[in-house]
Amino acid sequence: LSKDDVVLRTDELKKSFGGLTATDGVSVAIERGSITGMIGPNGAGKSTLFNLISGFYELDSGSVFVNDTDVTEMKPHEIARSGLMRTFQTPRRLEGMTVREAMLVGPQGQSGESIIPLFLRGGTIKSEETTNLEDAQKMLERFEIDHLANAPSTELSGGQLKLVEMARAMMAQPDILLLDEPVAGVNPTLAKKLAGFIKELNQEGQTFLIIEHDMSFIMEIADPIIVLDQGKVLMEDAPETVRSDERVIEAYLGG
Ligand code: ADP
Ligand code: MG
């Protein structure tokens with residue numbers, strides 16, 4: 001892969017919690033335009049890796065590059081500005097906000113503290129905010145959740161909340177979008193829909209890195225697949241190769 005083809009690169013990322021090594025020297029390169037899958041048993045260190053990449057956890061060692069820019073020391077909102085957005089395995093509920101409001105605070109950054117509701121500023125809506133309002137509406141329509149625009153975000157189902165999270169992240173027009181278990185706890189119909197949205201966005205050029213425990217979901221949409229086990233990359237290959245690999249089967253069955 002040439003430099004321009006790599007949207008995200010990690011170099012020997014390491015992270016321990018007390019005596020437990022969650023990330024044990026992870027180096028990956030994510031190709032621009034790909035849907036890259038990341039699988040691995042529970043506790044393999046997948047979410048920790050996302051938290052390290054997106055600046056939510058501090059690294060013990062290693063580096064992270066987005067579009068060949070070193071973002072290792074950056075804060076989450078700065079990394080977002082560099083082109084990387086992520087969703088959470090457990091979506092945060094945006095207390096006191098409707099879906100539309102949540103959509104509008106999306107581009108402001110991805111750290112909880114940086115949420116400054118535009119609405120509290122009151123008074124006139126500036127043209128930039130009007131544009132955002134239109135963008136938000138379009139994005140909600142795209143994910144077929146525009147009928148939820150006025151719903152309080154606390155009243156959404158888990159699946160709906162995941163769609164809102166993804167739509168919010170897309171508002172920032174990221175170069176790469178990291179999804180942490182987008183279909184966990186989501187009903188099969190919605191999961192199918194979500195797979196469709198992801199594929200469609202990808203055809204328009206959106207790069208994805210997707211953690212998913214649901215093998216059949218990820219195998220259907222992603223190529224390549226990176227397998228993480230005990231904080232290390234076990235393998236990276238095409239889905240059909242990964243699916244039949246002895247080590248992967250063993251890692252999943254807890255062998
Ligand atoms: P996965 O997402 O692959 O299931 P995680 O990255 O969530 O795995 O967890 C990897 C390991 O790191 C687990 O043993 C988990 O308990 C531990 N871990 C993750 N985050 C923390 C944290 N904030 N504090 C302590 N231990 C953590
Ligand atoms: Mg996880």
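This note covers the magnesium site and the salt bridges of the structure.

1. This is a predicted model in which local features need pLDDT of at least 70 and side-chain atom pairs count only at pLDDT 80 or more, while totals for chains, interfaces and linings use all residues. Residues are numbered from 1 along each chain as its sequence is written, chains are lettered from A and ligands numbered from 1 in the order in which they are written, and side-chain values use heavy atoms, with hydrogens and water left out.

2. The magnesium ion (ligand 2) is coordinated at 2.1 to 2.3 Å by OG of S47 and OE1 of Q89, where donors are N, O and S atoms within 2.8 Å of the metal (3.2 Å for Na, K and Ca), and the site may look incomplete because water is not among the atoms. S47 lies in helix α1 (residues 46-53) and Q89 in the loop between β6 (84-86) and α3 (99-105), so the pair ties together parts that are 42 residues apart in sequence; helices (H or I, at least four residues) and strands (E, at least two) are DSSP runs, numbered from the N terminus.

3. Eight salt bridges are counted, each being a side-chain nitrogen of Lys or Arg within 4 Å of a carboxyl oxygen of Asp or Glu. One of them joins D24 to K232, with the closest N and O atoms 2.8 Å apart; since D24 belongs to strand β2 (residues 20-31) and K232 to strand β10 (residues 232-237), the pair ties together parts that are 208 residues apart in sequence.

4. R142, E200 and E204 form one network through salt bridges that share partners.
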